[in-house]
Amino acid sequence: MAPSPPAVVPMTTPSGAAPVRAMRLLLVLAVGLLAAAVAPSPAAAQRVRITKLSDVAFGSLTNLGVDAVRNQSVCVFSQAATRGYHVTATGSAPGGSFALLSGGNQLAYDVQWSPSAGQSSGTQLSPNVTLTGLTSTATQQSCNSGPATSASLIVVLRSTTLSNARAGSYAGTLTLVIGPE
Amino acid sequence: MVRKYIPSVMAALAVLASAGTAQAATQGSLGATSTGSVSISASVPNRVRISGLSDVAFTNADPSLNASNAQNVCVWSNTSTKGYRVTATGSGAANAFTLANASLTVPYTVEWSASSGQTSGTALAVGTPLTGQTSLATNSNCASGPSSSASLIVKIAATDLQTMTAATNYTGTLTLLVAPE
């Protein structure tokens with residue numbers, strides 16, 4: 001009696017398994033790509049930058065009866081869709097207050113900010129308090145193209161403070177933190 | 001061998017030399033927030049101020065008694081010691097302390113005290129600085145803190161009053177120059 005042929009013919013052979021795996025892999029990739037296309041993508045990171053800051057040197061103040069004002073134009077860039085940003089200023093005196101120091105003596109100063117370049121006055125800043133709702137015209141992160149500057153930093157020593165100040169050389173640091181809006 | 005250490009020594013000297021200098025402005029980098037800083041410096045020179053002076057009027061002075069008028073004044077000095085000197089000049093010949101009516105003259109004396117509320121002090125000589133004075137004033141015109149910080153005393157001796165012509169006005173100006181010490 002001759003042997004009967006096998007009742008079931010294997011669908012695959014060792015040599016035919018590879019195409020099936022490849023098809024499964026392609027299917028998984030296709031599903032993944034489709035999911036990636038359909039799912040909402042995360043918003044582009046909103047980045048900001050402040051540059052073109054210069055030290056503020058009042059020098060020797062001979063006339064203590066008038067306000068001493070120093071303003072500078074700086075570059076603030078915002079990648080936010082609205083180009084919006086906020087600014088927070090902190091001084092180097094105790095509590096972050098805006099004051100210069102000479103030994104144990106303090107010389108308070110005011111800080112103002114304008115979202116336009118070339119200004120000699122602006123919105124008064126308070127230490128550690130954020131000024132919001134600002135918009136930049138900068139089109140390049142360090143203003144190398146487009147507007148050369150986009151904001152004004154104004155530092156004021158008031159005559160009322162100067163006329164009562166102790167003699168001496170005063171110094172301090174003002175730190176500005178920019179955030180997107 | 002010696003040459004080998006020269007660059008290191010020079011670098012160390014450079015670090016030491018820069019230790020006392022003010023920090024330069026720092027520029028922000030592009031990021032979720034961006035931080036920059038500026039150094040601020042100012043120098044306040046030595047300054048003084050005299051204020052709170054009142055005119056002196058000897059009205060119907062009794063020639064049998066010495067006449068004296070003391071007033072509190074404000075002298076402010078912003079030096080580290082709050083020191084000052086005072087120089088007085090009159091309106092008489094060669095800046096003498098004299099009152100006059102045409103050719104009639106009468107001498108007076110001037111005294112100074114570095115404390116308020118005094119009726120006597122150190123006698124001033126015409127044009128000669130009285131040095132080593134110290135002020136307690138904390139405000140340039142004594143608007144806050146002590147309301148006055150020195151005493152000005154003007155006197156006319158009875159013997160001089162007796163040389164004056166009755167019912168005749170003698171006038172003059174006393175000038176006080178205050179300088180920081």
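Across the interface of chain A and chain B, 26 residue pairs are in polar contact, both residues of each pair being at pLDDT 80 or more. The model is a predicted one. On the chain A side, strands β1 (48–51), β2 (56–60), β3 (68–78), β10 (151–157) and β11 (168–180) each supply at least two of the residues that touch chain B. The most comes from β11(A), with 13 residues. Sorted by class, the side of chain A that touches chain B has 25 nonpolar, 16 polar and 5 charged residues.

The extent of the interface can be described in two ways. Counted by residues, the contact takes 46 from chain A and 34 from chain B. The size of an interface is often given as the accessible area lost when the parts come together. For chain A and chain B the buried area is about 3100 Å², with 49% of it on carbon and sulfur atoms. Between chain A and chain B the count of salt bridges is 0, whereas the polar contacts across this interface amount to 26 residue pairs.

Strand pairing also crosses from one chain to the other. Strand β2(A) is joined by 3 bridges to strand β1 (residues 34–44) of chain B, and the two strands run parallel. Within β1(B), S43(B) stands opposite S60(A).

The loop between β2 and β3 of chain A holds L64(A). This residue counts as buried because its relative accessibility is 7%, under the 20% limit for that class. Setting aside neighbours within four places in sequence, L64(A) is in contact with S159(A), L162(A) and S163(A) of chain A, and with V44(B), P45(B) and R47(B) of chain B. L64(A) and C75(A) are 11 residues apart in sequence, yet their C-alpha atoms are 31 Å apart in space.

Over all chains, the count comes to 3 salt bridges.

| Salt bridge | N to O distance |
|---|---|
| D67(A) and R158(A) | 3.0 Å |
| D110(A) and R158(A) | 2.8 Å |
| K155(B) and E111(B) | 3.2 Å |

The bridge of D67(A) with R158(A) links distant parts of the chain, 91 residues apart: D67(A) is in the loop between β2 and β3 of chain A, and R158(A) is in the loop between β10 and α2 (159–162) of chain A. D67(A) is partly exposed, with a relative accessible area of 37%, and R158(A) is also partly exposed, at 27% relative accessibility.

K155(B) counts as partly exposed because its relative accessibility is 24%, while E111(B) is buried, with a relative accessible area of 12%. In chain A, salt bridges that share partners join D67(A), D110(A) and R158(A) into one network.

Notes:
Residues are numbered from 1 along each chain as its sequence is written. Chains are lettered from A and ligands numbered from 1 in the order in which they are written. This is a predicted model: local features need pLDDT of at least 70, side-chain atom pairs count only at pLDDT 80 or more; totals for chains, interfaces and linings use all residues. Side-chain values use heavy atoms; hydrogens and water are left out. Contact means heavy atoms within 4.5 Å. Buried area is the accessible area (1.4 Å probe) that two parts lose on being put together, summed over both. A salt bridge is a side-chain nitrogen of Lys or Arg within 4 Å of a carboxyl oxygen of Asp or Glu. A polar contact is a pair of N or O atoms within 3.5 Å; within protein, one must be able to donate a hydrogen and the other to accept it, and residues adjacent in sequence count only if both atoms are side-chain atoms. Helices (H or I, at least four residues) and strands (E, at least two) are DSSP runs, numbered from the N terminus. Ala, Val, Leu, Ile, Met, Phe, Trp, Tyr, Cys and Pro count as nonpolar, Asp, Glu, Lys and Arg as charged, and the others, Gly among them, as polar. Two strands pair if DSSP finds at least two bridges between them. Buried means under 20% relative accessible area, exposed over 50%, partly exposed in between (1.4 Å probe, protein chains only).
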